[in-house]
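Please read them with the coordinates open.

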Amino acid sequence: AGVRGSKFYKFAFFFPQILAIVIIGIIFQRVYAPDDSGLVNGFLRVFGVDPVPFMANPHIALWAIIAVLVWQSVGFYVVLFSAGMASIPKDIYEAATIDGAGRAKMFLQVTLPLLWDTLQVAWVYLGIAAFDAFAIVQVLSIDQGGPDGATTVLGMEIYRNAFSYSQFGYASAMGVALFFLTITFAALTLRVSKRETIEL
């Protein structure tokens with residue numbers, strides 16, 4: 001029957017996708033601000049917790065950036081899987097219900113197998129996004145990949161070698177290596193997760 005207000009939820013989750021990554025970085029600079037003006041630290045102060053320097057702490061800076069990346073990209077996967085589930089005929093669910101399948105069994109034996117192609121695509125996109133986290137690290141991190149290199153990603157290392165150290169040849173070689181690494185990941189993911197297509 002669906003979920004009440006599902007269209008609103010889709011919009012709410014997808015909204016970060018229409019924002020430029022730089023704008024998201026600037027927004028979370030204020031969210032993670034180390035004093036009471038930061039949204040998170042202002043909330044923690046209400047409960048008597050001292051301000052946490054999210055981006056200055058090498059132990060939690062990367063996790064804070066990962067949280068931003070998840071928030072920014074989750075809408076894409078909500079829409080992707082919503083479209084995949086909408087393409088599954090209702091007759092299949094009705095037949096499974098008549099056969100006595102519960103929600104868990106229906107998900108594991110009906111929905112998941114029929115969404116396998118969508119799941120493959122999601123894994124590939126997720127891997128590419130993980131390799132390409134340069135923009136948010138550039139905007140949000142301290143000293144472009146700091147503190148102490150805790151938030152350095154491959155894209156940031158390429159940028160630093162090219163524009164900070166003027167080692168353009170080395171940076172180009174790293175870029176080519178990143179390209180082939182991404183292609184290899186996508187090919188291996190599709191190969192490992194390959195299954196026989198289920199015809200509806």
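1. Ground rules. This is a predicted model: local features need pLDDT of at least 70, side-chain atom pairs count only at pLDDT 80 or more, and totals for chains, interfaces and linings use all residues. Residues are numbered from 1 along each chain as its sequence is written, and side-chain values use heavy atoms, with hydrogens and water left out. Helices (H or I, at least four residues) are DSSP runs, numbered from the N terminus.

2. α4 against α7. Helix α4 spans residues 61–86 and helix α7 residues 116–131; they pack at about 165°, axes 10 Å apart. Axes are lines fitted to C-alpha atoms over the stretch in contact, and angles run from 0 to 180 degrees between N-to-C directions. The pair is therefore roughly antiparallel (angles over 145 degrees count as such). The crossing is right-handed, that is, the near helix is turned clockwise from the far one by less than a right angle.

3. Who touches whom there. α4 contributes F76, Y77, L80, F81 and G84, and α7 contributes T118, L119, V121, A122, Y125 and L126. Contact means heavy atoms within 4.5 Å. By class, the contact of α4 with α7 has 9 nonpolar, 2 polar and no charged residues. Here Ala, Val, Leu, Ile, Met, Phe, Trp, Tyr, Cys and Pro count as nonpolar, Asp, Glu, Lys and Arg as charged, and the others, Gly among them, as polar.

4. α7 against α10. The axes of α7 and helix α10 (residues 168–192) come within 9 Å and cross at roughly 160°. That makes these two roughly antiparallel. The crossing is right-handed. From α7, Q120, W123, V124, G127, I128 and F131 meet L178, L181, T182, F185, A186, T189 and L190 of α10. The contact of α7 with α10 divides into 9 nonpolar, 4 polar and no charged residues.

5. α1 against α4. Helix α1 (residues 6–14) and α4 cross at roughly 145°, with axes that come within 7 Å. K10, F13 and F14 of α1 contact V74, G75, F76, V78, V79 and S82 of α4. The count is 6 nonpolar, 2 polar and 1 charged.

6. The second largest pocket. What is its volume? About 550 Å³, taken as the space filled by probe spheres set on grid points joined across faces, edges and corners. A pocket is an open set of points on a 1 Å grid over the protein atoms alone, where a 1.4 Å probe fits, with protein on both sides within 12 Å along at least five of seven lines; lining residues have an atom within 4 Å of a point. Of the 24 lining residues, L69, S73, A129, A130 and D132 are closest to the centre. α4, α7 and α8 (134–140) each give two or more residues. The largest share, 9 residues, comes from α4. The lining divides into 19 nonpolar, 4 polar and 1 charged.

7. Loop between α8 and α9 (154–163). P147 lies here. The peptide bond from G146 to P147 is cis, with omega near 0°. D148 is in this loop too. Its phi is positive, about 55°, although D148 is not a glycine.

Definitions and conventions
Parallel < 35°, antiparallel > 145°, perpendicular 65-115°, else oblique.
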